[in-house]
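Look at the sequence and the model below. A short report on a few local features follows.

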Amino acid sequence: MALFQQDIMLPKWFGDFGGDLSTGDLDERPARRAGEIQSLLPGAAFEEEFGRVLALVRPQPPAVRRQTTAGGRTLLCVPDAAWKYNLAGQLALARLRGVRHLCAGTFRKEQALAAAAACEALGLRLSLMLGRLPGADEALVRQLEQHGCEVDAQSCVQMFDLPHLYAPKLFSMEDPEVEAFPFAANYGDYPAPALAGALAGLYGKWLRARVGVPDVVAVPIADGTGAVGVLSAYIDEPCRCATVERPIAQEYHNGETLTTRAADNEEDNTVICPQLAHWWRSARVLRLGCDRFRPVDTSGWAGLGLSGAAARAAALADQAVPEWKTMMIVEGPA
């Protein structure tokens, strides 16, 4: 079965959050190459290259844990692996298009290492802008440089510590030979905000083929791309899709995306992609928690080996959809 259908579209998803334009449209190259990328996605060449790159980025398929809860209900615990599918897709498209130098920005150590190792194996040059925490990890920086990666661990401190937002603009608009790729769907003008989510959504398709369609799919948000990557496969299925955020101190719209403030320190905040915000506002996805945060009893989930975020997501989903028999929960990064 084809990974994408022939009529694949990569629309802009800003909608209520600022129309269909964003800062990346100042760079005309994304629009020029959007058609080329859309023509590649449904083809056998992309599927073959994607499979090869995915084997580098994700050597082993994600492990799905099945737990039986009180009352004989089934909890399916799946890892947050959607970003690996996006990374593999971005690198596959770069190779098919003859791109040799890529740039990206990330907060996450595992993303940085996976991208650097894969690019080294594929003969691609990679420039990475790191957030404050990984940027301060000298051992990590050395390891990335050993993979041949060019590391910028300073600029993000002056750019509100949002490397995944600013790296594409800083790198690609200064050097015409460099192309940016987004780890996160909240900044996807390369070529459209939906591209990272569409590629991450291949993980959701893999999950649906592997575990079927549960009654509830609940995603505790650490990254909006992960939520979109999983939920996109279930959004039109006969199940309830839900997201759960950590306690929110503040929430605001910046004209393009929805930012949820989970902590005073910037690196622990979460920028949510516009496609997910659109699903919330159209009621296609239940939004549990967020600024309507309320205490929830997670003690019944404590013995199932769930993280705190996953336990809270399960408890809130249980309250919202009490008739469920099978629930899928996304856990921490893998």
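How far is the sulfur of Cys239 from the closest cysteine sulfur? The distance is 4.3 Å, to the sulfur of Cys241, which is too far for a bond; a disulfide is a pair of cysteine sulfur atoms within 2.5 Å. Across the whole structure, a search finds zero disulfides.

The model is predicted: local features need pLDDT of at least 70, side-chain atom pairs count only at pLDDT 80 or more, and totals for chains, interfaces and linings use all residues. Residues are numbered from 1 along each chain as its sequence is written, and side-chain values use heavy atoms, with hydrogens and water left out.

The table lists relative accessible areas, where buried means under 20%, exposed over 50% and partly exposed in between (1.4 Å probe, protein chains only).

| Residue | Relative accessible area | Class |
|---|---|---|
| Cys239 | 12% | buried |
| Cys241 | 2% | buried |
| Ala283 | 61% | exposed |

Ala283 lies in the loop between helix H11 (274-281) and strand S12 (286-288). Helices (H or I, at least four residues) and strands (E, at least two) are DSSP runs, numbered from the N terminus. Phi of Ala283 is near 65°, a positive value in a residue other than glycine.

Two packed helices are described by the angle and the distance between their axes. The axes of helix H3 (residues 82-96) and helix H4 (residues 109-122) come within 11 Å and cross at roughly 30°. These axes are lines fitted to C-alpha atoms, for helices over the stretch in contact (heavy atoms within 4.5 Å), and angles run from 0 to 180 degrees between N-to-C directions. H3 and H4 are therefore roughly parallel to each other, a term for angles under 35 degrees.

Terms used: Parallel < 35°, antiparallel > 145°, perpendicular 65-115°, else oblique.
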